[in-house]
Every structure is written in structure tokens, then in C-alpha cells.
Amino acid sequence: MSTLSDLVYAHGFSDPADVEWLHRLAGDGQLLADLAFADIVLWVPTEDDSFIAVAHTRPSGAATLFYRDIVGDRVRPQWRAQVREAFTTGRIVDSASPDWFEETPTRVRAVPVVRARAGADSPARILGVLTRHTNLGEARTPSRQQITFNDCADDLFGMVATGEFPDVAAPASPRRGAPRASDGLIRIDVDGLTTFASPNALSAFYRMGFEDELEGEPLVEVITQILPEKRQFDESLPVVATGRAPWRVDIEARGVTVALRAIPLRDHGNRIGAIVLCRDVTELRHRDQELITKDATIREIHHRVKNNLQTVASLLRIQARRTHSDEARDALTHATRRVSAIAVVHDTLSEGLTQNVDFDEVFSRVLKLVAEVAAAPTTRARTRKTGSFGTLPSEYATPLALALTELVTNAVEHGLAGQEGEVEIAAERSDDNLEVRVRDTGVGLPEGQVGRGLGTQIVRTLIQGELGGTIDWHTIMGRGTEVTIDIPLRYIDRGEL
């Protein structure tokens, strides 16, 4: 299915600010659908004088009319005239009589989507149309809560038609734990007095220790009353509690955490009150705290592993200096370099908040580990990296760093032994695989034969065994050796990178 951005850009939109406005409105589509007890569809004009649906939200507290998502569909003939009238006149247009959709009576309201511009030289622009499809087949005597929800929806639709909603002053907040209309809704007037509180909103405040009625009370005073004394609170809390700004805060009392989101209501620029959504997020906050603690513990473990590996590398380095056997000294030097390469990955992981690393940064540090080899008296080697590895999880980063350390070391020690040359590491990444080529300008493989030493065995084990990839050695005529590594990335969780 095409995304909102794909659809609007494909139908003549070029201003990123217009697209962002539509994204913000679609992001609050669930709020509008739940308040209106109706399906909400966002339409944008097409070049052939029609309209196409770019977003669709179903109500969580009422029956949907559209069991199949209609995003990407053209506007139906029975709605086209109403949608076009709202788009051309800039006014809200209600259907004159019930509209029948698949044998279900419905009521349709078309609301022009207006983006307000700053300054007199930048007039407001109509970007599309929002339609509200109410199912009349399940009509029953509305409760006070349903009447209030519908009134709030009408206020917000009016603000959409005047470019006052969505509010550009509202900061982008994380969706996790965001309050919804069904979680709890409080309606306050222009003076901050509570005129309505849904049962779920009352329950949230009762759990924090408030036992009276919310209606008729100033919300900011109620919150002040239940907050513990001598505890610091968010400075934006009074602004949210009075509904003066579209912000979000958390309040905590008696071990209960409630998230509040204020949505100021305006009528042609005049403030008429606000909606305050509330949600008990106690369990979510406990889980977040547990994750933070676990992340800190994991980072500390990586830090200690790095320190231990550096200690091992230092001991190997000391032992190499004391040995009198050239063969033993070389073996210890190689072991030192391998341990240090692994330590680099753990050091990088200890600095981040996830178990993913920027492998370009890791490999830049790993290259420095082979500099001492490149600086041998009879060898002058230059190393160069091209392309990008991107972000990799730790289970990929550690074996790949060690394998590349072996390949670059072999290229310098054997391919460029006693001469001047270059080692190039070229990385090319796609969605499905990572290809790395290690080229040197040395003498090439002796008679085209791949070595059988420990380094070659380590590389094969890491690339083929741990990473499930392939590796190929071959000599470039007159230009040294090229090693090609191909690693599949289909098992990486894209959502975490």
C-alpha cells in the first residue's frame, strides 16, 4: 500500500510543508474518528479534477462503514460533488439527506483542509478535504458522553476548516503511551473550569487520590491538590491544565502516572476552551524504567568487557616483547590485534543506547589497529575506505570487524611486503545484502592459491559460519589481490536500525 507521502507527491504536491501538515492531520485521525464515532477519510485533489483517499481511520467505539481500507481509491460518485464543493468554497458541507452505502444509511460531512500561512503575503491554502462518514444504522439515544464527544469533534472540524488544527505549535510527541479519547476526556471552558469528565478520566484521577467530582472545578487546582508536596513538577503543567497550549505532560501521585494532552479549542482565532485527554500510563512508565535500567546494565557490561579485553591485549603485547622467538612474537602480535578489534566493538556499544553500532565509525577505529603493521620499516602501505557499511547489530559487527582486520593485515603483511602500495576497502550496502571488497596493489596470490594459515581459517569461520555469507579470493592481473565478501542482511530487524 502506498504511503501518504507517496500519494500526495504523485498528485501534484511539491511543498514539504504542505505534506507535513497533512501528516499531522492524519496523525490525529484516530482522535477525530473516536470523537465523531465515524470513519474519517482524507482526500487530496488529482490532476483530472477528482480526489483520491490518502488516509483512512476507523472509529474504535463504533461500527466502521469501510471494512476494506480505501486509501488509494478515487472518491465515489455519490460523494464527489459534496467533496468538490467543500474544496472549492472552503466551507463545511453536510449531506442534504442520508446517503446509502452498501445498504447502510450514512451521513457525510465534508470539511475543507486548510493550511494557515504566516504573514499577510501568504494566504491560507486548501490542501484537501476531510470526510466524516457516520453510520446511522446503529442510531440510538445518545448519551451525555457521546453528545460531548460529538461537540468536541465539531469544534475540531471547524478548526480544520479555518487552518487552526492541527496546531503547528504542538511539539511532536512519542506515540507510545499517547492519551486517546477512549482513555479519558476532560472538557474545560475558557476559564479552565471542568464542564465534562468521562468515566475513564474520573477513574484515572481517583487512582491518584482525588475523590470529589471534577465537573465545576478548575482542573489546574484539582491537579495541584493531588500532587505530592515538595515534589518538582513540569513547568508546562499549568499551561496544559488550563488548556492554553497544545502540549503534553505526565503527573504522578500515589505511585500512579497519568499522561495529559491538551488540545486548545478556538473559533476563528478566539479561544473557547480545551480538550484534555488523559491516560493512566503507570505500567508503561514502569516498563520504560525497566528498559532504561537494562540498557544501562548492558552498556556497563560492554564497558567492562572492553576493559577486560584491553587488559588481555596489553598482557599479550608485554608477552610478545619478552619472547625471543620471532614466530611466537608474530603469533602474539596477531592475537593482540584480534582482541583489540573485538574491544573496539564493545567500546562502541558501551556508548550507545541500542545494541546497534555505526560500523563505519567502528571500522575507522579498527583500521588504526593495522597502522603499526603498515608502518613496518620495509613496507609503506596506505589504507582507504570507500562506500558505507551503515548501522549493524552487534552480532554482525563483532565477527565482521575481526574478519576485516585479518584481511587488511594479510594484505599489508603479505601482499605489500617490502614495497609501497594501497589497500582499499570498498563497502556497498543494499536492503538485502552487504558486499565488501578488500583490494591491494601488491604481488597477488602465489600461483593463485589461497593461503591455509590461521588468519584465512578465522575469516572463513566468521564470514561463512557466523554471518552466513560468502567469501572469494582472486588475483587481479597486474594489480594485486581482491577479496570479495557478500553478507545477507535479510535476518536483520529493520525496525531497530
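Begin by selecting E424, which counts as buried because its relative accessibility is 15% (buried means under 20% relative accessible area, exposed over 50%, partly exposed in between, with a 1.4 Å probe and protein chains only). Helices (H or I, at least four residues) and strands (E, at least two) are DSSP runs, numbered from the N terminus.

A word on what you are looking at: this is a predicted model, in which local features need pLDDT of at least 70 and side-chain atom pairs count only at pLDDT 80 or more, while totals for chains, interfaces and linings use all residues. Residues are numbered from 1 along each chain as its sequence is written, and side-chain values use heavy atoms, with hydrogens and water left out.

R384 sits in β13 (residues 380-387) and E422 in β15 (residues 420-429), 38 residues apart. R384 is partly exposed at 36% relative accessibility, and E422 is partly exposed at 23%. Which residues belong to the network of salt bridges here? Select R384, E422, E424, E435, R437, R439 and E482 to display it.

The count for the model comes to 25 salt bridges. For another one, select D154 and R132, whose closest N and O atoms are 3.1 Å apart. D154 lies in helix α5 (residues 144-161) and R132 in strand β6, so the pair ties together parts that are 22 residues apart in sequence. Is R132 buried or exposed? At 8% relative accessibility, R132 counts as buried, whereas D154, at 31%, is partly exposed.

Next, select all of β6, residues 125-135. Nine of its eleven residues are buried. Ten bridges join β6 to β5, and the two strands run antiparallel (strands pair if DSSP finds at least two bridges between them). Look for V114 standing opposite I126 in β6. Strand β1 (residues 39-45) is also antiparallel to β6, joined to it by five bridges; D39 has H133 as its bridge partner in β6.

Now colour β1 by face. In a regular strand the side chains alternate between the two faces of the sheet. D39, V41, W43 and P45 are on one side of β1, with I40, L42 and V44 on the other, and all are buried. β1 also pairs with β2 (residues 51-57), in the antiparallel sense, over six bridges. W43 has A53 as its bridge partner in β2. Between β1 and β2, which form a hairpin, there are five residues, and D49 in the turn has a positive phi of about 65°.

Technical notes
Salt bridge = Lys/Arg side-chain N within 4 Å of Asp/Glu carboxyl O.
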